[in-house]
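Dear colleague,

I am passing on the structure we spoke about, and would be grateful if you could look through it alongside the notes that follow.

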Amino acid sequence: MTVPAAVASLLVPAHDEERVLPRLLASVARAARTTAVEVVVAANGCSDSTAEGARRSGLAHHVLELATPSKHGAVLAADDIASHHPRIICDADLELGEGMIDALVAPILAGEVLATAPRRVLETTGCSGLVRAYYRVWEALPSVRSGLFGRGVIALGPEGMRRFRAMEAMLSDDLALSEAFAEHERLVVAAEVVVRVPRTVADLLRRRARVVEGNTEADERGLRTAAARTTPADLVTIARGDLRRLPDVAVFVAVTLAARLLVRRRARKGHDHWLRDESSRQG
């Protein structure tokens, strides 16, 4: 099969990301050594200078300013003006690794899969010991290793993007998108993206509570399969594999239960504002 020249459009939904967006944009060049990339930044519901900073950088080909804060809406707006496939949907607070974009688009252009995502490298510098313990278990979960979610970036061919456009807006959009592809239609490629995790337990709880809310929404819509769930058996397997990980598993369980309690308390009080971890969003 003849593989066409590598071109892609990078769609960046950004909500109040002026501190971290420059880091992402600066990393595009090293991530795309052999791919021509069109960068579309969709600043949505911003109260800071995200859009201005994107324009000032000179690294974005198009900058949109949308009044409503919505990642899903921002991606759709960016897709409307993008010129190339594959489309790469990328969170603004990431740092792309060497050759990552090249690795993402190659299997899609070759017709091997419909969607790809990179390996994640968790940046835990400055994080508390409890946060690091939580993520040591989280990284070992089967669903986390194989799913495309939790990586902050996913590349989609035309059919993959059609499936995204058919989805409704929801909290766990990356989980729903990962679940929209059968195992043989998606691939985690041998390239890396740096994902910064919360530095404090309080920020970790905020992030995990948002995940709980998103998972609940996905379950209500029938969008989450058994393979995307964490079971007690998964945790037992991790602990049995190395008994020294028992304290880590205990931390993971405690954080998970605390996040669920936080969600229930928010529901009782009628809170509907976003829960967002700010500690990992440092420029």
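Ser 83 sits in the loop between helix 3 (71-81) and strand 4 (87-90), where helices (H or I, at least four residues) and strands (E, at least two) are DSSP runs, numbered from the N terminus. Please keep in mind that this is a predicted model, in which local features need pLDDT of at least 70 and side-chain atom pairs count only at pLDDT 80 or more, whereas totals for chains, interfaces and linings use all residues. Residues are numbered from 1 along each chain as its sequence is written, and side-chain values use heavy atoms, with hydrogens and water left out.

With a relative accessible area of 52%, Ser 83 is exposed; here buried means under 20% relative accessible area, exposed over 50%, and partly exposed in between (1.4 Å probe, protein chains only). Not counting residues up to four places away in sequence, Ser 83 touches Ser 9 and Glu 38, a contact being heavy atoms within 4.5 Å. Thr 124 is 41 residues from Ser 83 in sequence, and their C-alpha atoms are 36 Å apart in space.

The strands form an open sheet of eight, in the order 3-2-1-4-7-6-8-5 and with mixed pairing, two strands being paired if DSSP finds at least two bridges between them. Strand 3 (62-66) and strand 5 (95-96) stand at the edges with a single partner strand each, so one side of each is left without a neighbour in the sheet. Strand 1 (residues 7-14) is mostly covered, with seven of its eight residues buried, and eight bridges join it in parallel to strand 2 (residues 36-44). Within that pairing, Val 7 has Ala 36 of strand 2 as its bridge partner.

Among the buried residues of helix 4 are Met 100, Asp 102, Pro 107 and Leu 109, and just after the helix Gly 111 takes a positive phi of about 75°. Arg 163 lies in helix 7 (residues 158-166) and, leaving aside its neighbours within four places in sequence, is in contact with Leu 114, Ala 180, Phe 181 and Glu 185. Between Arg 163 and Val 7 there are 21 Å in space, C-alpha to C-alpha, and the two are 156 residues apart in sequence.

As for the protein as a whole, it has eleven helices and eight strands. Its radius of gyration is 19 Å, close to the 19 Å that the globule rule gives for 283 residues, so it is as compact as a globular protein of that length; the radius is taken over C-alpha atoms, and the rule is 2.2 Å times the number of residues to the power 0.38. The C-alpha trace spans about 50 × 45 × 35 Å along its principal axes, and 51% of the 283 residues count as buried. Among contacts between residues at least 6 apart in sequence, 79% join residues at least 24 apart.

With best wishes
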